[in-house]
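Hi there,

Here is the structure I promised to pass on to you. Have a look at it first, and then read on for what I found.

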Amino acid sequence: MSTRADAPRGPDAIPLSDEFAPYKWAATVDEVAARYGLAVAEVLKFDQNTPPFPGVAQIPLAESFATVDQYPSGLYRELREAAAGYVNDRSGTHVGWEQVVIGAGADDLIMLCARTYLGPGRTAAMFPQTYSFYRTVTLLSGADPVAETEGASLIWRCNPENPTGEVTPACELVELARRHPSAAVIVDEAYIEFGGESVVPWLDQCPNLIVLRTMSKAFGYAGLRVGYAVAAPDTAAVLEARRAPAPISSPVARIAAAALLDPRYDLDSEVEERERVRAALVAGGFDAPPVAGNFVWIRSDADLGGALEAKGIIVRSFPNGIRVTLRRPSENNVFLTALGIASGAAPGREATIIRTSTETALRITLGLDGSGRSHIRTGIGFLDHLLTLFAFHSGFDLACVAGGDLDVDEHHTVEDVLAALGDALQQALGTREGVTRYGSAVVPMDEARAMAAVDLVRRAHAEISLAFTGDRVGGLAVSLLPHALERFTMQAGCTVHVESAGADDHHIAEATFKALGQALRHAVAPGDGGIRSTKGIA
């Protein structure tokens with residue numbers, strides 16, 4: 001019997017520099033919750049520089065997944081053409097699809113550039129404070145990271161910079177490439193949609209320039225892992241020959257191509273929110289310089305990151321400051337409040353509710369002027385489904401994370417989630433001036449039919465009649481829904497009438513939440529201004 005000392009060893013890996021350190025993620029929600037005795041719903045991540053809601057696929061997913069038994073076309077022509085068109089539309093250039101190289105996110109392309117231009121005895125120049133993965137891949141390749149550009153085989157530049165959001169004028173990057181014609185000058189434009197000037201128009205003049213782009217930031221596709229590089233034709237051909245045969249899947253390629261052909265991100269509102277948060281930070285006495293990105297940068301030698309983490313706010317910490325990703329406005333106000341800043345009401349009609357009790361802990365963010373996007377995790381699958389339908393049919397953006405005593409039963413979770421949703425609606429409506437006030441809908445669902453009517457006057461009254469024939473649908477006792485909808489109504493401070501009947505309880509519940517969503521969509525819509533009541537009060 002062998003002992004640990006003489007147990008078989010694994011294969012010998014190539015030795016790495018003592019300076020090497022793998023990429024390090026920020027703490028997870030579960031880790032922070034456990035570390036500080038918080039509920040998961042009390043923890044918010046402001047560290048990943050991704051949008052608060054995912055990008056929505058603009059093509060039928062079933063069609064994309066119909067060929068998952070086959071390898072994707074290694075050429076990726078559809079995606080490369082879409083990426084070239086996207087770049088050309090925004091840069092006034094004439095980049096050909098052959099100048100685009102596809103990778104599994106920008107990180108994959110960073111590694112491709114390192115494999116192509118670095119090795120033992122070579123150096124890569126980078127700023128001391130920049131995206132840390134540049135240093136990681138440089139050391140993985142056996143090259144040495146340096147500060148000086150002279151003699152470097154590769155020069156890393158992130159523009160706009162990460163984590164500081166600083167912008168380098170494109171002319172300076174072009175001049176850098178001209179001064180070092182034998183070096184690959186990699187310009188990572190991950191945040192270019194949020195500010196700065198692209199160097200794509202100078203690729204023909206500087207064949208050593210390589211531009212990297214990602215679909216994780218503005219597009220909200222971080223989980224799909226798709227990025228692309230743009231370079232002069234000969235340079236792109238070198239990279240294309242050295243990339244993996246099929247780095248991304250067929251469904252991902254089709255989703256990404258559709259998004260590039262018809263971008264549907266809302267950058268104006270994101271930039272406006274960034275400037276609102278930055279102005280609040282400056283007014284609160286913090287050193288928050290102008291940035292170009294979907295984040296703010298706070299310069300400080302204090303351990304702001306540690307102090308915020310103890311309050312359930314996860315940010316990216318650095319020796320000289322913290323980088324804070326922008327989320328929904330009401331969630332950003334939670335961050336500002338944690339810093340002791342009086343932020344005032346969030347812009348737009350939106351609210352975030354965080355509620356904890358001995359039975360449940362939950363967080364709900366509701367935006368009335370949304371597009372029906374949702375991210376729901378209550379631990380009750382059918383409730384998640386119903387809330388997703390509600391968000392879609394109301395046109396509200398809804399995020400909900402909840403945890404409760406499901407080991408007992410789902411009663412407390414269902415009731416508290418609907419009550420908090422009512423609280424969020426009440427806060428988001430504000431004074432209720434200028435809304436249509438009334439809304440109604442009749443929704444058939446096969447053999448079932450639901451009717452909902454809403455009056456947003458501040459008189460809480462509920463008439464809920466749901467003719468269920470059984471006890472449960474999935475993990476949800478449907479008998480809980482009438483009372484939960486009553487709680488929603490009481491907390492929202494409005495009048496709600498809902499009737500639903502049919503032969504299938506699944507359809508009865510679905511029709512109910514669809515009809516309520518449709519009725520609220522009409523009721524919260526802008527009206528003629530003022531308060532629509534002869535009494536003059538909402």
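Let me start with a side-chain pair: Thr 93 and Asn 88 make a polar contact through their side chains, at 2.7 Å. Please keep in mind as you read that this is a predicted model. Thr 93 belongs to the loop that runs between helix H3 (77-91) and strand E2 (100-103). Its relative accessibility is 13%, so Thr 93 counts as buried. Once the neighbours within four places in sequence are set aside, the residues in contact with Thr 93 are Val 87, Asn 88, Val 200 and Pro 201.

Next, helix H1, which covers residues 29-36. Which of its residues are buried? They are Val 29, Val 32 and Ala 33. Viewed down the axis of H1, these buried residues fall within an arc of 100°, and therefore they line one face of the helix. On the face of H1 turned away from the buried side you will find the exposed residues Asp 30 and Ala 34. What do the buried residues of H1 pack against? Their partners are strand E1 (44-45), helix H10 (304-309) and strand E10 (313-314). After H1 comes Gly 37, with a positive phi near 65°.

Now to the rings, which may be of interest to you. The count of aromatic pairs comes to 13. One of them is Tyr 23 with Tyr 131: the ring centres are 6.1 Å apart and the planes stand at 70°, which is over 60 degrees, so this pair is edge-to-face. Tyr 23 lies in the segment before H1, while Tyr 131 lies in the loop between strand E3 (123-125) and helix H5 (133-140), so the pair ties together parts that are 108 residues apart in sequence. Are these two tyrosines buried or exposed? Tyr 23 is partly exposed, at a relative accessible area of 28%, whereas Tyr 131 counts as buried because its relative accessibility is 14%.

Tyr 131 also pairs with Phe 133, and here the arrangement is tilted, with 6.2 Å from centre to centre and 50° between the planes. Phe 133 is buried, its relative accessible area being 11%. Tyr 23, Tyr 131 and Phe 133 are part of one aromatic cluster, together with Trp 25, Tyr 134 and Trp 156.

Two arginines also sit over rings. The charged end of Arg 157 is placed over the ring of Phe 127, at 3.9 Å from its centre. For Arg 323, the charged end is over the ring of Phe 295, 6.0 Å from the centre of that ring.

Finally, there is Ser 371, in the loop between strand E14 (360-367) and strand E15 (374-377). Ser 371 has a relative accessible area of 52%, so it is exposed. Leaving out neighbours within four places in sequence, Ser 371 is in contact with Gly 395 and Asp 397. The C-alpha atoms of Ser 371 and Thr 489 are separated by 23 Å, and these residues are 118 apart along the chain.

Happy to hear what you make of it!

Best wishes

Methods. Residues numbered from 1 in each chain as written. Predicted model: local features only at pLDDT ≥ 70, side-chain atom pairs only at ≥ 80, totals over all residues. Heavy atoms only, no water. Helix = DSSP H or I, 4+ residues; strand = E, 2+ residues; numbered from the N terminus. Buried < 20%, exposed > 50% of the residue type's maximum accessible area, 1.4 Å probe, protein only. Polar contact = N/O pair within 3.5 Å; in protein donor to acceptor, adjacent residues only side chain to side chain. Contact = heavy atoms within 4.5 Å. Arc of directions from axis to C-beta. Phe/Tyr/Trp six-rings, centres within 6.5 Å; stacked < 30°, edge-to-face > 60°. Lys NZ or Arg CZ within 6 Å of the ring centre and 35° of its normal.
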